[in-house]
Amino acid sequence: MNEISFAYGKAIYEIALEHNLVSDYLTQIEIVEGLLDQELDKFLKAPSIDNDTKKEVLIGSLKGFDPYMLNFLSLIIDKKKQRYFKGIFEAYKSLAFEYLNIVVVKVFSAKKLEEAEKNKIIEGLKKKDSHKTYRIENILDKSLLAGYKLVLHQQVIDTSLKKRINLLKEELMKEGD
């Protein structure tokens, strides 16, 4: 994350904190992120489209958003910093997650996790630390074959079939020596 992204992310975080809207802004930022994954991102970055049109389209699609958030998004477009949206949102989320005591767990799996599977993983994590709220970020990795690989902070918990096969292979190689 670069300095510009962090500065803007921290600025909106401080506004959210001041107005006790950290959780609300987190939800709003995640909505905007979802929109930016679509064609809107290309539209906002197009140099041939004027800023007023960009703001009108973006703000028009965000009904019910907090006025400070809307002004913030408009400011980013006015300053021609929309290429930093992703980094700005990541900076905000990092600060908000820490404030809200949310831990993001990256779960690598061969197939998309069902809600029940996510809930089971979260329940297991809560047994170790019930004071935190956990969010699952599911990353598909077909090479795992089955099972999961969890990354929590710097800790890796690998229960994948690929890992078990590799361990078995290592044991067989040792016995062969």
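**View A. The second largest pocket of this predicted model has a volume of about 280 Å³.** Of its 13 lining residues, E33, L36, D37, K86 and E90 are the closest to the centre. Helix 2 (22-36), helix 3 (40-45) and helix 6 each supply at least two residues of this lining. By class, the lining divides into two nonpolar, two polar and nine charged residues. Here Ala, Val, Leu, Ile, Met, Phe, Trp, Tyr, Cys and Pro count as nonpolar, Asp, Glu, Lys and Arg as charged, and the others, Gly among them, as polar. A pocket is an open set of points on a 1 Å grid over the protein atoms alone, where a 1.4 Å probe fits, with protein on both sides within 12 Å along at least five of seven lines; lining residues have an atom within 4 Å of a point. Volume is the space filled by probe spheres set on the points, which are joined across faces, edges and corners.

**View B. The largest pocket holds about 630 Å³ of space.** Look for F97, V103, V104, K106 and E137, which lie nearest the centre among the 19 lining residues. Helix 6 (85-100), strand 1 (102-109) and strand 2 (133-140) each supply at least two lining residues, and helix 6 gives the most, with five. Helices (H or I, at least four residues) and strands (E, at least two) are DSSP runs, numbered from the N terminus. The lining of the largest pocket has seven nonpolar, four polar and eight charged residues.

**View C. Helix 1 and helix 6 pack at an angle of about 45 degrees, with their axes 7 Å apart.** The two helices are therefore oblique to each other, and their crossing is right-handed. Contact (heavy atoms within 4.5 Å) involves residues including F6, Y13 and L17 of helix 1 and I88, Y92 and L95 of helix 6. By class, this contact has 12 nonpolar, three polar and one charged residues. Axes are lines fitted to C-alpha atoms, for helices over the stretch in contact, and angles run from 0 to 180 degrees between N-to-C directions. Angles under 35 degrees count as roughly parallel, over 145 as roughly antiparallel, 65 to 115 as roughly perpendicular and the rest as oblique. A crossing is right-handed if the near helix is turned clockwise from the far one by less than a right angle, and left-handed if anticlockwise.

**View D. Helix 1 (residues 3-18) and helix 5 (residues 67-78) cross at roughly 165 degrees, their axes coming within 11 Å.** This pair is therefore roughly antiparallel. Y8, I12 and I15 of helix 1 meet Y68, M69, F72, L75 and I76 of helix 5. The contact has eight nonpolar, no polar and no charged residues.

**Notes.** Residues are numbered from 1 along each chain as its sequence is written, and side-chain values use heavy atoms, leaving out hydrogens and water. In this predicted model, local features need pLDDT of at least 70 and side-chain atom pairs count only at pLDDT 80 or more, while totals for chains, interfaces and linings use all residues.
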